[in-house]
Amino acid sequence: QATIAPADYSSWHDVRSQLMSEAKAGLKSKLEAELGATSDETELADLKAKFSAEERAIEHEIDHKVHNFSAVVDMSYNFLSK
C-alpha cells in the first residue's frame with residue numbers, strides 16, 4: 001500500500017480549498033465591480049446566475065484536472081532477518 005500526502009498542507013481538502021480560493025478571487029472581484037455598476041433587478045439576477053455558472057466551471061476544472069506525480073522509492077531489505 002502506498003499513499004501520497006501534500007507536503008505543504010495538512011490534507012488534500014486544504015489543497016483544494018486553497019486552489020479554489022486562488023481561482024475564484026478574480027471572479028469575485030469582477031462580480032462585485034459589476035454589481036456595483038448596476039441597479040436593475042433583472043440585470044442583477046442575470047449577473048448572479050452568470051457568476052454561479054462561472055464558479056461551477058472553476059470548481060469542475062479544479063476537481064477534475066489530472067495531476068501527475070513522480071517519486072523515488074529507496075528500499076532496503078535484510079534477507080537474514082526473520
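Helices here are DSSP runs (H or I, at least four residues), numbered from the N terminus. Glu-55 is found in helix 2, residues 41-64. This is a predicted model: local features need pLDDT of at least 70, side-chain atom pairs count only at pLDDT 80 or more, and totals for chains, interfaces and linings use all residues. Residues are numbered from 1 along each chain as its sequence is written, and side-chain values use heavy atoms, with hydrogens and water left out.

**Salt bridges**

A salt bridge is a side-chain nitrogen of Lys or Arg within 4 Å of a carboxyl oxygen of Asp or Glu. The count comes to three salt bridges.

| Pair | N to O distance |
|---|---|
| Asp-63 and Arg-16 | 2.7 Å |
| Glu-55 and Lys-24 | 3.4 Å |
| Lys-24 and Glu-59 | 2.6 Å |

The Lys-24 and Glu-59 pair links helix 1 to helix 2, 35 residues apart. Lys-24, Glu-55 and Glu-59 are linked in a network of salt bridges. Asp-63 lies in helix 2 and Arg-16 in helix 1 (residues 12-36), so this pair ties together parts 47 residues apart in sequence.

**Accessibility**

Buried means under 20% relative accessible area, exposed over 50%, and partly exposed in between (1.4 Å probe, protein chains only). Lys-24 is buried at 11%. Glu-55 is buried too, at 18%. Glu-59 is partly exposed at 25%. Arg-16 is partly exposed at 32%, and Asp-63 at 38%.

**Around Glu-55**

Contact means heavy atoms within 4.5 Å. Leaving aside neighbours within four places in sequence, Glu-55 is in contact with Lys-24, Leu-27 and Lys-28.

Note on methods. Helix = DSSP H or I, 4+ residues; strand = E, 2+ residues; numbered from the N terminus.
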